[in-house]
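User: Hi, can you walk me through this structure? I'd like to go through it piece by piece.

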Amino acid sequence: MIENLSDALVLFLNVYNMIALAGGIAIGVIVGAIPGMTSTMAVALTLPFTFTLPPVTGILLLLGVYKGGVYGGSIPAILVKTPGTPAASCSVLDGYPLAQKGQAGRALDIALYASCFADLVSNLSLILLVGYLAQLVTSFGPPENFTLIFFSLTIIASVSGDSLLRGFISAGAGLLLATVGLDLIYGTDRFTFGNTDLLGGLAFIPLLIGLFAIPEILNGYAKRGETGKIAADPSGSRATFADFRYCFRSILRGSLIGVVLGAIPGIGGAPSAFVSYSEAMRRSPNRKNFGKGELEGVAAAEAGNNGVAGSTMIPLLALGIPGDVITAVILGAFMVHGLRPGPMLFEQNIDLIYALFIGISISSLFLLIIGKAAIHMFKHIASIPRSYLYPVVMVLCVFGAYAVNNSFFDIYVMVGFGIVGFLMMRMHIPSAPFLIAFILGPMLEDSFRQSLLMSQGSLTIFMRSWITWVFWSLTILSVVLMVRRHLAGRSPDVALPKVQEEKRDV
Amino acid sequence: MTKMKLLAGIALAAVTAMPVAAQDYPSQPVQLTAPYGPGGASDLAARNLANVAPDYLGQPVLVTNRAGAGGATGSAYVKNSDPDGYNLLLARIGSHSISPALKSSMPYEWDDFTYLSLLEINPAACATATSKPYQSLEDLRAAIEASPGAVTYSSAGVGTLHHLGGIMLLDEMGFEDPGTAATHIPFQSGGAAAAAAATGQVDFVCSNISAIISQIEGGQLRPLVVTTPERVDSLPDVPTASELGHPALEALVGWSGLVGPPGLSDETIATWVEVLQEVAADERWVNQTKSLGSVPMMLSPEETVAFVENQYTTFRGLVEELGLQID
């Protein structure tokens with residue numbers, strides 16, 4: 001063990017590894033902050049550069065880009081309501097309202113602290129619990145995934161705002177549009193109307209940009225005459241330690257949610273962020289303030305999506321299974337160097353694994369430093385008058401929608417959903433439920449149908465393991481709580497949380 | 001909205017107005033479309049080629065991903081682009097032989113393209129989880145016979161090598177209706193399909209070896225058969241399909257090829273044949289291809305067409321015989 005560690009230190013301790021890690025994170029933060037450029041793309045574009053690097057250096061570079069990208073997505077989400085990456089879409093909900101209140105710096109700070117903390121928790125889980133979590137992964141099949149996603153759908157109620165009915169309408173539309181494209185099981189076309197561009201379904205990022213950023217811009221022009229300048233709130237320029245302590249429970253909870261969801265193949269950062277957000281909201285006395293600029297909401301969302309960043313490596317390293325596209329690219333990097341992740345890697349190249357672990361542990365600290373520098377540069381965007389800012393954002397949106405798949409069709413999708421989003425905004429229909437349903441809908445459908453295929457049509461498969469029972473119980477619990485709260489919301493005792501909310505704002 | 005249109009218009013004009021001099025090809029960067037997402041086998045094959053080919057082509061090769069619909073979106077895009085040689089495609093077994101054989105609604109046929117070269121092949125294997133009782137293909141066959149429909153196999157979606165591999169295996173085992181003998185369970189990616197098999201969620205998977213070799217070496221998957229004519233170096237104990245009396249399974253071999261839109265000029269084809277000969281001799285490309293688990297195999301344009309046609313015909317015959325066509 002000690003000998004392995006010292007070998008690992010020899011492998012890790014050289015200046016190129018440090019540069020690769022820091023450089024990777026910096027590239028990731030910047031790319032992640034550009035709407036439409038996802039961390040997946042950043043990692044894929046970096047891959048060819050690692051061909052000529054030593055394995056540890058190359059993989060640390062990719063991991064740096066990935067981690068930086070996951071965090072970087074929150075910057076435009078908070079500043080211009082345009083999530084840089086899908087995983088950051090949840091950070092919009094409270095981050096942008098905070099920025100509008102002149103507290104952009106504070107929101108960016110807490111997003112960074114939550115991200116770094118969650119990243120650290122996730123990295124430590126990877127290092128310490130890789131064996132246990134890998135065991136958990138192997139017991140997750142389609143039925144377990146189905147119950148997990150089914151439970152996750154209950155968060156729609158949390159992000160529906162004041163009207164549950166409007167939330168359901170929005171979610172219903174999201175579920176419906178998610179069915180466009182190829183049917184997974186039969187391979188037949190669904191709602192494509194013979195259009196080749198629709199065969200792959202509606203692309204997520206153009207839809208995301210359209211739904212969030214465009215309505216905001218249209219709305220800005222609809223309200224002409226205002227100077228459009230946000231008065232900076234001096235107390236909102238940075239997050240204090242008190243802020244961090246206030247959000248700590250949600251950050252810790254979000255980190256753990258991220259660790260577990262990250263370790264399960266195929267779930268990813270966006271659902272994790274939404275689950276963490278909804279849990280934070282459920283437990284917060286300031287429930288009513290979520291969606292209107294609640295610091296804890298930003299912290300929970302960012303902790304949720306960064307919490308997956310370390311544990312997503314668990315199935316890859318322990319079992320050789322890439323859980324998502326990013327780990328698939330990283331698997332490619334391993335293979336280019338003649339290394340095959342999996343149990344054998346731990347036996348044959350344990351020094352390399354330890355060297356990677358050392359690098360991964362340090363990455364959280366690098367992220368903090370680089371993120372701080374990025375905030376310093378980016379936060380002034382919040383004070384740019386909208387008449388200058390919006391055209392620039394618009395160009396970035398068009399570029400982002402196009403860049404995802406190099407397709408003009410995606411630009412039309414973005415514009416189309418921009419108009420839909422604008423109408424939804426005018427009719428006070430929340431867009432978050434739409435988004436969640438659009439992300440989770442296909443996962444729900446696929447796992448449901450896969451399960452029934454496995455059981456030859458018997459529904460008992462959804463009760464086959466303790467994991468499914470846990471998620472069923474959680475679902476029932478959260479629905480009961482939701483109904484009770486909804487009923488209570490009609491009675492006068494709702495005033496109580498309001499008082500606390502005002503206290504907090506002081 | 002008008003701004004949008006203007007913007008789109010300017011960009012479009014810029015793209016179409018690029019000067020194209022047919023005489024001195026290539027006079028500008030070549031765009032190579034990978035019809036699957038980043039990190040997949042087609043993406044890696046495309047980037048590997050794009051790393052080396054510019055040295056001999058004299059122009060950069062830019063890889064762009066146009067994923068969707070099992071490779072159909074990106075393939076249709078290249079098929080419909082100008083045959084000026086600046087838009088090429090990294091074709092794969094899924095997009096160019098299985099899907100056209102299986103689906104009637106494809107926006108192209110397999111022979112709608114100008115084939116430049118085969119680049120590499122990916123030998124396949126069928127495997128089961130080590131936690132399952134099947135020690136041999138015969139054990140698996142007996143289990144399927146004992147309870148029709150209860151045995152499951154995973155795939156990376158309809159029209160992938162995994163899917164057709166399962167069907168071919170069942171057909172070869174002598175089951176009359178491979179569609180019902182065992183149950184096909186599609187997943188979103190090859191990784192997910194391999195994972196489902198390795199963790200025992202499904203009974204078996206037929207996949208390119210490179211995607212499951214980690215699980216085999218790690219002791220989670222037990223390979224039952226390889227589809228190569230000779231035994232595979234890294235799996236010396238695994239019998240070949242011919243040894244087990246199923247030579248037809250040898251058609252089950254993944255491949256990547258370089259193709260262009262229909263009607264590429266002879267000059268463009270000749271340029272690429274020359275370039276690819278140099279690439280095939282370049283150690284960087286050979287080593288990279290091997291380390292990704294593929295076998296480098298450059299073929300001439302004519303040989304490539306024959307190779308793909310042979311595979312397509314085999315698959316198409318199977319699809320017609322078993323009535324598997326998807327409308």
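This is a predicted model: local features need pLDDT of at least 70, side-chain atom pairs count only at pLDDT 80 or more; totals for chains, interfaces and linings use all residues.

**Charged pairs and helix contacts**

User: What do B:E120 and B:R92 form?

Analyst: They form a salt bridge. The closest N and O atoms are 3.7 Å apart. B:E120 sits in strand β4 (residues 114-129) of chain B, and B:R92 sits in strand β3 (residues 87-92) of chain B, so the pair ties together parts that are 28 residues apart in sequence.

User: Why can side chains pair up like that?

Analyst: Side chains of opposite charge can pair when their charged atoms come close.

User: How many salt bridges are there over all chains?

Analyst: A search of the whole structure finds 23.

User: Show me one in chain A. Which residue forms a salt bridge with A:E445?

Analyst: A:R449 does. The closest N and O atoms of A:E445 and A:R449 are 2.7 Å apart.

User: Where do A:E445 and A:R449 lie?

Analyst: Both are in helix α22 (residues 432-454) of chain A. They are four residues apart, so about one helical turn separates them.

User: Is A:R449 buried or exposed?

Analyst: A:R449 is buried. Its relative accessible area is 19%, and the cut-off for buried is under 20%.

User: Which residues are linked in a network with A:E445 and A:R449?

Analyst: A:D183 and A:R190 are. Salt bridges link these four residues in a network.

User: Back to chain B. What does B:R141 pair with?

Analyst: B:R141 forms a salt bridge with B:E145. Their closest N and O atoms are 3.3 Å apart. Both residues lie in helix α6 (residues 137-146) of chain B, four residues apart, so about one helical turn lies between them.

User: New topic: helix packing. At what angle do α20 and α21 of chain A pack?

Analyst: Helix α20 (residues 386-405) and helix α21 (residues 408-426) of chain A pack at about 135°. Their axes are 8 Å apart. That angle makes α20(A) oblique to α21(A). The crossing is right-handed.

User: Which residues make the contact?

Analyst: From α20(A), they are A:C397, A:V398, A:A401, A:Y402 and A:N405. From α21(A), they are A:F408, A:D410, A:I411 and A:M414. By class, the contact of α20(A) with α21(A) has seven nonpolar residues, one polar and one charged.

User: What about α6 and α14 in chain A, is their crossing left-handed or right-handed?

Analyst: The crossing of α6(A) and α14(A) is left-handed. Helix α6 (residues 89-100) and helix α14 (residues 295-306) of chain A pack at about 150°, with their axes 8 Å apart.

User: Which residues meet there?

Analyst: α6(A) brings A:C90, A:S91, A:D94, A:G95 and A:L98. α14(A) brings A:L295, A:G297, A:V298, A:A301, A:E302 and A:N305. The contact of α6(A) with α14(A) has five nonpolar, four polar and two charged residues.

User: And in chain B, how do α5 and α13 cross?

Analyst: Helix α5 (residues 93-102) and helix α13 (residues 301-322) of chain B cross at roughly 35°. Their axes come within 8 Å. The crossing of α5(B) and α13(B) is right-handed. Residues in the contact include B:I93, B:H96 and B:S97 of α5(B), and B:V308, B:Q311 and B:Y312 of α13(B). By class, the contact of α5(B) with α13(B) has nine nonpolar, three polar and one charged residues.

User: How many residues of α4 in chain B are buried?

Analyst: Six of the eight residues in helix α4 (residues 72-79) of chain B are buried. They are B:A72, B:T73, B:G74, B:S75, B:A76 and B:V78.

User: What covers them?

Analyst: The cover includes β1 (30-34), β3, α5 and β9 (253-260) of chain B.

User: Now single residues. What does B:V275 touch?

Analyst: Leaving out residues up to four places away in sequence, B:V275 touches B:A53, B:Y56 and B:L57. B:V275 and B:L57 are 218 residues apart in sequence, but 6.1 Å apart in space, C-alpha to C-alpha. B:V275 lies in helix α11 (residues 266-280) of chain B. It is buried, with a relative accessible area of 4%.

User: Last one: where does A:E216 lie?

Analyst: A:E216 lies in helix α11 (residues 204-222) of chain A. This residue is buried, at a relative accessible area of 8%. Setting aside neighbours within four places in sequence, A:E216 is in contact with A:K81, A:Y96, A:Q100, A:Y390 and A:M425.

How values were computed:
Residues are numbered from 1 along each chain as its sequence is written. Chains are lettered from A and ligands numbered from 1 in the order in which they are written. Side-chain values use heavy atoms; hydrogens and water are left out. A salt bridge is a side-chain nitrogen of Lys or Arg within 4 Å of a carboxyl oxygen of Asp or Glu. Helices (H or I, at least four residues) and strands (E, at least two) are DSSP runs, numbered from the N terminus. Buried means under 20% relative accessible area, exposed over 50%, partly exposed in between (1.4 Å probe, protein chains only). Axes are lines fitted to C-alpha atoms, for helices over the stretch in contact, and angles run from 0 to 180 degrees between N-to-C directions. Angles under 35 degrees count as roughly parallel, over 145 as roughly antiparallel, 65 to 115 as roughly perpendicular and the rest as oblique. A crossing is left-handed if the near helix is turned anticlockwise from the far one by less than a right angle, and right-handed if clockwise. Contact means heavy atoms within 4.5 Å. Ala, Val, Leu, Ile, Met, Phe, Trp, Tyr, Cys and Pro count as nonpolar, Asp, Glu, Lys and Arg as charged, and the others, Gly among them, as polar.
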